[in-house]
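Please look through the following briefing with the model open beside you, and take each topic in turn.

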Amino acid sequence: MDESDQSASRGRQSHAQDSLESFIKGLPRGIHLTAPEVYKHARDQGLKVSLSTVYRTLNNLSMQGQVQAMRGEHGRRYEAAEPGHDHDHL
């Protein structure tokens, strides 16, 4: 892969991450989705992303503090991080 191919790939990844971040932040408060649910909703809205891109983006956004990840009996779920607003997850 040459430099222009790598740059185009980074551009697509950045666009996918930005689109997924906007999608997650636009969810109503209290909505907690699994990665496959995020993938399904993103695809339904016309985003051209793969499931692996969703997992990678959610992981990156979680590490940046943009989304919160929580584990429960139904697996890992994600929600938008809201500054100054904490709530419990049972």
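The side chain of E79 makes a polar contact with the side chain of H32, at 3.1 Å; a polar contact is a pair of N or O atoms within 3.5 Å, where within protein one must be able to donate a hydrogen and the other to accept it, and where residues adjacent in sequence count only if both atoms are side-chain atoms. This is a predicted model, in which local features need pLDDT of at least 70 and side-chain atom pairs count only at pLDDT 80 or more, while totals for chains, interfaces and linings use all residues. Residues are numbered from 1 along each chain as its sequence is written, and side-chain values use heavy atoms, with hydrogens and water left out.

- E79 has its place in strand 2, and it counts as buried because its relative accessibility is 3%, where buried means under 20% relative accessible area, exposed over 50%, and partly exposed in between (1.4 Å probe, protein chains only).

**The chain as a whole**
- The protein chain has 3 helices and 2 strands, in the order α-α-α-β-β from the N terminus on; helices (H or I, at least four residues) and strands (E, at least two) are DSSP runs, numbered from the N terminus.
- Of the 90 residues in the protein chain, 27% are buried.

**The nonpolar core**
- The largest nonpolar core has 16 residues, and L20, I24, V38, V49, V54 and L58 are those with the most contacts inside it; such a core is a set of buried Ala, Val, Leu, Ile, Met, Phe, Trp, Tyr and Cys residues joined through side-chain atoms within 4.5 Å.
- Two or more residues of this core come from each of helix 1 (3-25), helix 2 (35-44), helix 3 (51-63) and strand 2 (75-80), and helix 1 gives the largest share, 4 residues.

**Helix 3**
- Which residues of helix 3 are buried? They are T53, V54, T57, L58 and L61, and they lie on the same side of helix 3 because they cover an arc of only 130° around the axis, the arc being that of the directions from the helix axis to the C-beta atoms.
- After helix 3 comes G65, whose phi is positive, near 80°.
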